[in-house]
Amino acid sequence: MKIAVLGGDGFVGWPTCLHMAAKGHEIHIIDNLSRRWVDTELGVQSLTPMDSIQERMRVWRDLGETPLHFHLIDVAGEYERLKSWLGEERPDAIIHFAEQRAAPYSMKSDRHKNYTVSNNVNASHNVLNAMVAVGLDAHLVHLGTMGVYGYSTVGATIPEGYLPVQLKLESGEMAEQEILYPANPGSVYHMTKCLDQLLFQFYAKNDRLRITDLHQGIVWGTHTDQTRRHDQLINRFDYDGDYGTVLNRFLIQAAVDYPLTVHGTGGQTRAFIHIQDSVRCIELALQEPPTAGDRVRIFNQMTETHRVRDLAELVSRLTGARIAYLPNPRKEADENDLVVTNKQFLALGLDPIKLEDGLLNEVVDVAQKYAYRIDRSRIPSVSAWTKERAARIETNPERQKFAVVGGD
Ligand code: USQ
């Protein structure tokens, strides 16, 4: 297949490109390299040393693998160039990762909120609009998030996108319908993914576009089979307070003896998936395209659920790290349960990597190996969801202490 990977330079995009190229597909990376510019803006760098996209592609080609192609296009801002490229190249499938993906970054300031909304919503709409304009019947696979469902405890299992409901008619009879599970975003970033869902519903219905939306949980780990093949193919690993996700943060905190930064009571339950399983799920989704006229196909792309404080205790048991319970910069439920079904991927043959099995390897292979690159001052997560929460963080003596010396 000829596959366009929008956002192919990012954390899930890059290993997906390698995974699919290793299967013999023709991969075209379309990216504006914005994630690298955000590193510059924030003054942080990936824990793992990352080469330029061109250098990564050269190393991959020199291993004798199917060459990758790179096109510097801003999907959100350069509609005409995107449309021309799609019209001329006519890929069989498009994988869409080209969105700003960090919740704390999206909540940093009004400027960051605006950037996240305009970038993400325009990117998704530009792709859909251009596909219709050039009459492209490609399968569009979008990386969405489990966060579209929200994290309030209902007790019922979260279905794969659609919820069967019964409506009482005037006659007293009951009518059955399947609706999108109610959107309940917890950040501006998550809100953009909820808006994406509506764009997909419309274009699948109106223009018969074939669309798959993957509601992914929090990714942990760094390596996949392909990124392991050469030091210069290594994936990025974010540990800073804006882009680092919870489990990867705990791993590097343990590696540099920084108390594990649990927000609030740590009672938040979240869905997780290893990066290797993430790329495998994308491959499985590509093999199962909907047919024109079908509704959007939605998968829950996660393999297990955990409470944040249980993860901190697990990492602490493995490494001896201390745990710090900090005021939560986010506005989210202190405690929630989460039951999710991922039957569709299991039925397609996904054999999940378990956190208990893979965690120690990550600590040794990545966190300890590159610990010398960590800037401890960039570990605290200080992007607050409200002004009140920002004030609480400012005045919290524990946080100040960790921010400066990371210790005792
Ligand atoms: N948390 C801590 N300590 C930390 C960092 C986070 O306790 O040092 C807590 C947060 O308060 C939150 C939970 O851990 O309750 C998860 O935070 P996260 O930063 O790991 O994940 P999140 O902001 O939800 O976003 C990440 C990805 C996003 C993806 C999402 C999937 O950045 O792209 O969509 O995970 S999900 O969480 O299922 O919505």
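Trainee: Which does Ser-124 count as, buried or exposed?

Mentor: The relative accessibility of Ser-124 is 0%. Residues under 20% relative accessible area are buried, those over 50% exposed, and those in between partly exposed, using a 1.4 Å probe and protein chains only. Ser-124 therefore counts as buried.

Trainee: What kind of model is this, and how are its residues numbered?

Mentor: This is a predicted model, in which local features need pLDDT of at least 70 and side-chain atom pairs count only at pLDDT 80 or more, while totals for chains, interfaces and linings use all residues. Side-chain values use heavy atoms, with hydrogens and water left out, and residues are numbered along each chain as its sequence is written, from 1.

Trainee: In which helix does Ser-124 lie?

Mentor: Helices (DSSP runs of H or I, at least four residues) and strands (runs of E, at least two) are numbered from the N terminus. Ser-124 falls in the run of residues 110-133. That run is helix 6.

Trainee: Which residues is Ser-124 in contact with, leaving aside its neighbours within four places in sequence?

Mentor: Contact means heavy atoms within 4.5 Å. Ser-381 is 257 residues from Ser-124 in sequence, and their C-alpha atoms are 28 Å apart in space. With the neighbours within four places left aside, the contacts of Ser-124 are His-96, Glu-99, His-142, Asp-196, Leu-199 and Phe-200.

Trainee: Which residues have the most contacts inside the largest nonpolar core?

Mentor: A nonpolar core is a set of buried Ala, Val, Leu, Ile, Met, Phe, Trp, Tyr and Cys residues joined through side-chain atoms within 4.5 Å. The largest one has 41 residues, and the two with the most contacts inside it are Ile-94 and Ile-211. Strand 1 (2-6), helix 4, helix 6 and helix 7 (188-207) each supply at least two residues of this core. A second, separate core of 36 residues includes Leu-33, Val-59, Leu-233 and Ile-282, but the names you asked for are Ile-94 and Ile-211.

Trainee: Where on helix 3 do the buried residues fall?

Mentor: In helix 3 (residues 53-62), the buried residues are Ile-53, Arg-56, Met-57, Val-59 and Trp-60. Seen down the helix axis, they fall within an arc of 160°, where the arc is that of the directions from the axis to the C-beta atoms. An α-helix has 3.6 residues a turn, so residues three or four places apart point the same way. The buried residues of helix 3 therefore line one face of the helix.

Trainee: What is the phi of Arg-90?

Mentor: Arg-90 is found in the loop between helix 4 (79-89) and strand 4 (93-96). Arg-90 is partly exposed, with 37% relative accessible area. Its phi is positive, in a residue other than glycine, and is near 45°.

Trainee: What is the phi of Asp-257?

Mentor: The loop between helix 8 (246-255) and strand 10 (260-263) holds Asp-257. At 46% relative accessibility, Asp-257 counts as partly exposed. Asp-257 is not a glycine, yet its phi is positive, about 55°.
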